[in-house]
Amino acid sequence: MGKGDSLGSRARMRLVFGWFGVLVVLVLAVVGQKLPTRDEGLFQMQIRDKALFHDSSVIPDGAEISGYLFRDTPKRYYFVVEEDNTPLSVTVTPCDAPLEWRLTLQELPEDASGEGSGEPEPLEQQKQQVTASEGTELFTYKGNDVESFVSTSSPSGLYQLEILSTEKDSNFKIYATTTPESDQPYPELPYDPRVDVTALGRTTVTLAWKPTPTGSLMGQPVQYCVVINKEHNFKSLCAAEAKMGMDDVFMAAPKPGRDFSPFDFAHFGFVPSENDFLKDRSLATNRALGGKLSRSYIPKPRISDIRKICIGNKNIFTISDLKPDTQYYFDVFAVNTATNTSTAYVGTFARTKQEAEQKTVELKDGKVADIFIKRKGSKFLRFAPVSSHQRVTLYVHACLDAVQLQVRRDGKLLLSQNVEGVRQFQLRGKPKAKYLIRLRGSRKGASTLKVLASTRQSAKQPFPSLPEDTRIKAFDKLRTCTSVTVAWLGTQERNKYCVYRRQVDEAYGEEQRRREQNQCAGPQSRRKSEKVLCKYFHSANPQKAVTTETVGGLEPGKSYLLDVYAVGHSGHSVKYQSKLVKTRKYC
């Protein structure tokens with residue numbers, strides 16, 4: 001090589017580094033122009049400070065950067081390869097929309113400015129010289145896949161990456177490196193990158209996938225993030241983030257014994273009350289803005305159809321709280337927690353199983369039906385009066401805990417509320433109308449009920465009328481070694497009341513008494529030896545509808561469970577709340 005060629009080559013390289021001079025000083029803060037050469041300690045310091053590369057046209061060597069495009073407005077990024085025969089890898093990740101991108105090697109002027117003086121040209125003038133040239137096209141792509149340009153031997157020079165979004169404003173990510181073999185920025189996929197559905201239920205789906213070699217063999221910090229939605233599979237993690245409209249919203253699986261916060265539940269589609277949400281968000285915003293919060297900028301809660309969960313390094317996961325008979329799309333991403341780069345597995349989809357068909361119970365006019373509901377279960381009842389009717393009277397007796405009641409007439413919702421104890425409802429009738437009754441059980445345990453529907457207006461109420469307070473009161477001062485005196489409230493309607501007693505152990509407590517509190521279990525379920533008496537009682541004045549009774553024949557120092565049953569005209573009974581009493585040991 002002649003002396004002139006050597007000078008020309010050096011001039012071209014000075015031109016490259018000259019127009020990067022200002023950025024090199026700010027970004028690298030080192031003497032000399034060694035942009036593509038990796039000093040690992042310096043590199044780690046640089047990538048921690050994202051502000052260094054924010055809104056810059058320089059692509060740093062070995063660090064992923066994020067960018068934003070306005071529709072039909074291209075952006076250009078530049079990357080320098082200092083030496084010939086250098087490996088080069090450039091990866092572009094679309095997030096919101098398909099992108100068009102093109103990588104070119106720019107042609108530089110043969111002569112440097114200053115007539116060989118070695119002084120670089122002004123920055124703006126060099127930019128004009130570079131951008132005015134089309135350069136040599138190396139690679140083009142159009143689509144929404146994560147795509148890469150890879151070369152094992154690239155010439156030195158200035159590389160230009162031009163990106164365009166023609167559909168809408170869009171986010172994207174870029175990664176470029178001259179050391180692709182040693183960097184391995186993205187977690188490697190296993191030989192079988194598919195996500196498999198291993199179990200399918202009505203509200204749950206279990207997924208399994210093979211672990212990434214990056215974590216299991218290379219020892220790099222990798223965790224898996226699962227994305228669930230109802231629309232389509234995602235090709236990148238940032239595409240899911242963009243769809244959700246938030247940054248850094250992935251929620252790590254909680255450690256044992258650790259509670260979720262209300263804001264965590266919002267990420268799963270469980271939206272807290274507006275007051276709680278605004279309170280939580282406004283506090284965070286106040287801290288970020290130094291306590292200055294504009295009233296016009298209070299974020300409102302939004303319901304997202306996307307659920308995202310980061311589960312650590314497990315490669316089997318069960319998603320719960322899904323809807324029956326609904327198609328979902330499942331994606332798994334391996335995330336390098338050190339670099340925050342990610343790789344998508346081949347996603348899958350599945351439809352959850354249908355709800356088991358409920359057998360509908362047919363109600364007969366004026367007949368009581370005994371209903372049993374499993375814990376958290378439901379039961380459907382159908383009432384189709386034969387004759388025309390103006391009104392339907394519905395009686396519901398919830399024997400244990402409260403249940404949820406819904407009544408529809410020919411598909412129209414008439415009633416929806418919780419029912420506890422004995423309740424009576426009047427429903428407006430229609431000729432040939434059909435009524436569908438849905439009962440939903442308690443979360444605490446199984447539920448038993450008695451239900452009656454009638455169109456006969458003159459029929460007497462099948463269940464006895466009850467006061468609002470169905471407790472039994474014991475008088476401590478009237479307690480003796482062999483008797484106790486109790487009182488309970490009645491009503492204006494004349495009812496039959498039967499009192500029963502049962503001796504219980506000393507260990508018998510309120511929790512056991514509550515479990516045995518089945519109001520539908522009538523006197524017929526009791527032993528004859530436990531019966532104390534039966535009597536009729538009523539009062540025209542509800543304020544004075546109180547009756548007392550002394551229960552004798554008891555043993556000193558013993559505990560007894562007392563029950564009072566109110567029996568209606570048709571023989572159906574309702575039990576008052578049981579009362580635990582104890583006789584005096586010494587008298």
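Let's start with Cys-587, which counts as exposed because its relative accessibility is 76%, and exposed here means over 50%. Keep in mind as we go that this is a predicted model. Cys-587 has a partner: a disulfide joins this residue to Cys-481, with 1.7 Å from S to S. The torsion about that S-S bond is about 115°, so the link is right-handed. Cys-481 sits in the loop between β25 (473–474) and β26 (484–489), while Cys-587 belongs to the segment after β32 (579–582), so the bond ties together parts that are 106 residues apart in sequence.

Let's look at another one, between Cys-225 and Cys-310, where the sulfur atoms are 2.0 Å apart. It links distant parts of the chain: Cys-225 is in strand β11 (residues 222–229) and Cys-310 is in strand β13 (residues 307–310), 85 residues apart. The torsion about the S-S bond is about 95°, so this disulfide is right-handed. Are its two ends buried or exposed? Cys-225 counts as buried at 2% relative accessibility, and Cys-310 counts as buried at 4%.

Next comes the pair Cys-95 and Cys-238, whose sulfur atoms are 2.0 Å apart. Here the angle about the S-S bond is -100°, and the link is left-handed. Cys-95 lies in the loop between β3 and β4 (99–105), and Cys-238 lies in helix α7 (residues 237–244), so the bond ties together parts that are 143 residues apart in sequence. Both of these cysteines are buried.

Stay around Cys-238 for a moment, because Thr-93 is worth a look too. Thr-93 is found in strand β3, which covers residues 86–94. With a relative accessibility of 7%, Thr-93 counts as buried. Leaving aside residues up to four places away in sequence, Thr-93 touches Cys-238 along with Val-146, Phe-172, Lys-173, Tyr-186 and Ser-236.

Finally, let's visit a sheet. Three strands make up this open sheet, in the order β9-β10-β14 and with antiparallel pairing. At the edges stand β9 (196–200) and β14 (316–319), each with a single partner strand, so one side of each is left without a neighbour in the sheet. From one strand to the next, the twist averages 25°. Zooming in, β9 pairs with strand β10 (residues 205–208) in the antiparallel sense over 4 bridges. As for who faces whom, Asp-196 stands opposite Ala-208 in β10.

Technical notes. Residues numbered from 1 in each chain as written. Predicted model: local features only at pLDDT ≥ 70, side-chain atom pairs only at ≥ 80, totals over all residues. Heavy atoms only, no water. Pairing = 2+ DSSP bridges. Helix = DSSP H or I, 4+ residues; strand = E, 2+ residues; numbered from the N terminus. Axes fitted to C-alpha atoms, helices over the stretch in contact; angles between N-to-C directions. Buried < 20%, exposed > 50% of the residue type's maximum accessible area, 1.4 Å probe, protein only. Contact = heavy atoms within 4.5 Å. Disulfide = S-S within 2.5 Å.
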